[in-house]
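Hello,

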Amino acid sequence: MRDTDNETRRRVREGDREVFAQLYEQFARAVYNHALRLTGDWSTAEEVMSETFLAAWQARARVEEDGGTLLPWLLGIATHKAGNARRAHGRRQGFLARQPRPDAQEDFAPEAAGRIDDARRLRAVHASLDRLRRQEREVLALCVWGGLDYQQTAEALGVAVGTVRSRLSRARRRLAALAEEGMERPGARGEMTGEAVTAALTVGERPA
């Protein structure tokens, strides 16, 4: 498998469009899910995924020919792009918060209600993750949800393996504390907090 991965690296480095298209088919879902976990927004995750593969193609000449799967490289780019998207989203939200609110127009169609519920749960999950430090969110997304090992996560983030281990340990302790806090808090808000933290361990699939 490593020989196959290294052949893919060599051909991507040389600008083989067919192999790069295969790389997209293989890893687009993983990149999208990673972006969704970091941004908490489906459309933003789509943009991050597109920007990731565009940036990867533009940076193909810097791919090393030996190193195994290119997934850590792609997720590292996606992590950077997601960080940019989060900052841009924060600026937009700040602007919108200063504008007069339009009258709410509710749509009670079943499919609309389903989308609202999905969005509500995703926002709750992301709000829980936002209580982690950025570095902890990134390691959690790469190591736990992305399925990368410590070495691959270190490669994606450009840090030492020991740093990955310590960040992941802190993230897990913090999520456990948040889950306990949510379970102890009475009422729907507390239930949602506990549910959201638990869901944070699996969230990532595109809604139907």
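Gly40, with a positive phi near 75 degrees, follows helix α2 (helices are DSSP runs of H or I, at least four residues, numbered from the N terminus). This is a predicted model, in which local features need pLDDT of at least 70, side-chain atom pairs count only at pLDDT 80 or more, and totals for chains, interfaces and linings use all residues. Residues are numbered from 1 along each chain as its sequence is written, and side-chain values use heavy atoms, with hydrogens and water left out.

α2 covers residues 17-39 and has a kink of about 55 degrees centred on Phe27 (the angle between axes fitted to the seven residues ending there and the seven starting there).

- The axes, lines fitted to C-alpha atoms over the stretch in contact, come within 10 Å and cross at roughly 145 degrees, on a scale from 0 to 180 degrees between N-to-C directions.
- His34, Arg37 and Leu38 of α2 meet residues of α6 including Trp145.

Regards

Technical notes: Helices (H or I, at least four residues) and strands (E, at least two) are DSSP runs, numbered from the N terminus. The expected span of a helix is 1.5 Å times one less than its number of residues. Contact means heavy atoms within 4.5 Å.
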